Amino acid sequence: MVDKESSGSGDRNGGDSVGYCFTDQDREIAQCAAADFNRKNYSACLQNLVRLEASCGQDVKLVHNKAVAEYFKSELRKTDQFKKSFSAVCAMAHVNLEDANTLEDVDNCIFYYNQAIMLFHVKQYNTAFQLISKVFSLIEPMEEALAQKVSMLLLELLLQTHQPEKALPQISYIEHQFSSNLNLPGTKLPGEKEVKPSEKGDKDKIIEGVDAESDPVKLRLLFFKIRCLLRMHQVNSAKKELSSLSSIQNNASLVFLRANLEYLRGNYHNTMSILMRLSDYVGQAKDICEHIHTLFYNNMGCVHHCIAKPRLSAFYLKCALREEEKLVQSLADESDGSNGLPLFKLGSNHNLEIKYNLGLALLHCGEPSEAFDLLVDAVRVYHMNPRLWLRVAECCIMVYKKSNAEDFNIAHRRQDMVQGVVGSNQHKKIILTPQLARETLPRGEEISSAIPSTRLEFASLCLRNALSLLNEYSAMVKNGSNIEPTTLRIVGGSLSALPGGLNIGGLGTLGGPGSHLGFGSGGASRAPPQKTCYGAPSSPLSETEAESLRCSVLVNSAYVSLCLGDYIMALKHAQELLMQPKLSGAHRLLGHLYAAEAYLMCNRISDAIDHLNPDKIKDISLAFPNPSELDKERASDPDKDSGEAKRNMQNWCPNKIGTARAVLQYNLAVAFATRGELDKAGETLKRVFAARGPECEVPTHVVMLALYLELQLGHSEVSRNIVRQHCPQYK
C-alpha cells in the first residue's frame with residue numbers, strides 16, 4: 001500500500017498531494033504507524049500519521065487512515081464525528097456512496113466497504129448488501145486482506161437478508177480463494193487501517209481455543225455453511241457438518257448451532273438440554289457483542305412454545321425482555337454524554353423482536369389485550385409484514401370472543417337460555433333470552449378505526465392491510481418480477497392479523513448479529529428483492545406459507561365482516577376463500593359456514609342451503625395441504641424423537657368431524673326455519689339430537705332452536721318440557 005501511495009495516489013483520488021513521491025523516511029514512518037495500529041497503540045499511530053501528513057500533505061488515503069485511527073482511539077464511540085470525517089474524505093476522493101454503480105476503481109473499494117460496515121451495525125442490511133455486492137464484483141484485483149474481509153461481510157449480509165441459497169455457492173468460491181491463507185495482519189499502512197474496522201464489524205469472531213492446526217478462515221466458512229444449511233432447513237446436511245466440529249470446546253456459537261439443529265429436527269427436550277450449557281459461556285458475551293442471558297431466555301421461550309406450554313413460553317420471554325431492558329439501561333449508562341456507544345453496540349437492542357415473540361406467546365395463553373399492546377409496538381416498525389397484521393387482528397377477535405368451546409357446553413350454558421321470570425303461580429311467565437351469543441360489540445365513545453384498540457373495526461383495518469400486502473406479493477410472483485414492494489398504503493390512519501407460531505427463526509449461531517433470535521431486517525426497511533414475502537422479524541414467507549396465510553386472513557376477514565354487519569364483504573371474503581386452490585379442512589368448513597350466513601342475512605336462503613350440505617365436509621384439520629421441506633426432512637430423520645411432534649397450540653373447536661357436521665346441520669335447520677319450512681327444520685334438528693355422542697357434541701343453540709320451533713308450531717306443552725329439562729330452576 002505504501003508503494004501504491006508513492007505512485008501518485010493523490011492525483012488518482014483527488015487529494016492535494018498530486019504526484020507526490022514517498023521517500024524512504026516516509027515509508028518508514030508509515031510502517032511504524034501500521035505497527036502501532038496493529039498493537040492498538042492508536043495515540044502513537046496518530047503521531048506518526050501527523051508526521052507523515054506534514055511531509056506528504058493532504059493525501060486522501062492518509063486523511064482516511066487518520067480518521068480511522070482517531071475513531072479506534074475513541075473505542076469506536078465517536079461515530080458521528082467519524083461519519084463527518086468519512087464524508088469529507090469521500091468528497092475529496094470524489095466517491096458517491098449513495099450509488100454503488102459508480103464504483104469502478106478498485107482503490108475506492110475501501111470507502112464502500114467501511115460504509116457497508118457502518119450500515120451493517122445499524123441493521124440497514126439491504127443497503128449494506130447493495131454496496132458490498134458491488135465491491136465483491138471487483139474482488140479479483142483487490143488486496144487480499146481486504147478481499148477476505150469483504151467476502152466474510154458479504155456472507156453475513158446474505159444471511160441477514162435471508163438469502164442462504166445464494167450464500168452457499170459464495171462459500172465454495174471463497175474457500176477456494178482464501179482457505180490456504182490465515183488472517184495475518186497486513187504490512188502496509190493504508191490497507192491495514194482501512195480494513196481493521198471489520199474486526200469489530202464482522203461479529204463472526206475468529207474462534208478462540210481452536211486447535212492450532214485448524215485453518216481459521218476455513219473454520220469461519222464452515223460456520224457460515226452450517227448457518228446456511230440450518231436457514232434452508234437442510235437438517236441432515238447440517239448435522240454432518242456439525243459432526244466435524246466435535247473437537248471444538250468452549251465456544252458459545254457452537255452451542256447455539258447444535259441447539260438450532262435439534263430444534264429444527266423436533267427434538268425440543270434435547271434443545272433445552274443444550275441451551276442449559278450456556279451458563280458456562282457468559283464470559284464470552286463481551287467478545288460476541290450479544291447478551292447471552294437474553295438469547296437463552298428467548299430461545300427457551302421458543303422451545304416451550306413448540307411443546308405446547310405457552311405460559312412457560314411467556315414466562316421465559318418476559319425474562320428475556322427484562323434482561324434486554326437491563327442491557328439497554330447499562331448501555332445508556334455506558335454512553336456518557338459525548339462519547340456515545342461503540343459502533344458494534346449501536347444495533348444491539350432487540351426489544352421489538354422479543355416483544356413480538358412475547359405477544360404471540362400471550363395470544364396463545366388467552367391474554368389478547370396484553371398481547372395486543374406488544375404486537376402494536378412491533379407493527380409500527382414491521383408494518384410490511386402481513387402475518388403480523390393478522391396477529392394484531394386476532395388479538396381483537398379474541399377479545400370479542402375468546403373461544404367456541406363454551407357454546408358446546410350445554411350444562412354450563414343452559415342457565416343463559418332464560419333471561420328471567422315474571423308473575424307467579426298460574427300467571428308465571430318465562431322470558432327467554434333474545435340470543436345466546438355472549439360476544440357483543442363494545443359500547444362507548446365512538447373512535448376512529450385507525451386508532452389502535454381491541455375493537456373489531458381496528459381488526460378489519462389490520463386484515464385489509466394484510467390482504468393488501470399479500471395481493472402485492474402475489475402480483476409480484478405472477479409477473480415474475482423481482483422488484484421491491486411499494487410502500488404500504490394504509491387504510492384510514494397513521495398506522496400502516498387464529499393459527500400461527502412464534503418467531504422461531506432464531507436459536508442460531510452467535511456468528512452474526514441477530515441470528516440467534518430470528519431477528520430480521522432492522523427498522524422499517526423494505527423486503528429484499530426476491531420472490532419471498534416480507535416477514536420480519538421472522539424469516540420471509542415462502543410461496544406456500546403466503547398461500548396459507550392468505551387463507552387465514554380471508555377467513556378472519558369474513559368473520560369480522562359478519563360481526564360488523566357487512567354481509568356483502570363477508571360473502572366476498574368467504575367466496576374468495578373457497579376458491580383458493582389449497583385449503584385446510586377447518587378453513588373449508590368456516591368458508592361454507594360464513595358464506596351461508598352471509599347469504600342468509602342477504603335473504604338468499606337457497607344459496608345458503610347449498611353451502612350447508614354436511615357431505616361437503618370430510619376433513620377439519622388445521623394443517624395446510626402442502627407439507628414444508630422441513631416436515632419432509634423431519635419425517636426421514638432416523639434420530640428424531642417421534643414423541644416430540646409439534647402440536648397445535650390452540651384446541652380449536654369443533655375438533656371432530658361429527659361435531660362439525662352437527663354445526664352444519666344446525667345452520668341448515670336455521671335456514672329452513674327462516675324460510676318458514678318448520679317441519680323440515682324440525683326433522684333436521686332431530687337428526688342432530690340423534691347424533692349426539694362422544695364423537696359429536698351439540699351446540700347449546702340447538703336447544704334454543706328446538707324451543708323456537710315448538711312455540712311456532714303451537715306445541716306449548718312440549719316447549720315447557722324443554723324448559724323443565726334444560727332449565728330445572730324454572731320448573
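Trainee: Why does C109 count as buried?

Mentor: C109 has 0% relative accessibility. Buried means under 20% relative accessible area, exposed over 50%, and partly exposed in between, with a 1.4 Å probe and protein chains only, so C109 counts as buried. This is a predicted model, in which local features need pLDDT of at least 70 and side-chain atom pairs count only at pLDDT 80 or more, while totals for chains, interfaces and linings use all residues. Residues are numbered from 1 along each chain as its sequence is written, and side-chain values use heavy atoms, with hydrogens and water left out.

Trainee: How do you know that C302 is in no disulfide?

Mentor: A disulfide is a pair of cysteine sulfur atoms within 2.5 Å. For C302 the nearest cysteine sulfur, that of C306, is 7.3 Å away. The structure holds 0 disulfides.

Trainee: Why does C302 count as buried?

Mentor: Its relative accessibility is 2%, so C302 counts as buried.

Trainee: Which residues touch the most other members of the largest nonpolar core?

Mentor: They are V553, L589, Y594 and L685, in a core of 114 residues. A nonpolar core is a set of buried Ala, Val, Leu, Ile, Met, Phe, Trp, Tyr and Cys residues joined through side-chain atoms within 4.5 Å. Another core, of 69 residues, lies apart from it and includes L119 and F224.

Trainee: What makes β1 and β2 a pair?

Mentor: Two strands pair if DSSP finds at least two bridges between them; strands are DSSP runs (E, at least two residues), numbered from the N terminus. Strand β1 (residues 418-422) and strand β2 (residues 429-432) have 4 bridges, in the antiparallel sense. In one of these, V422 is partnered with K429 of β2.
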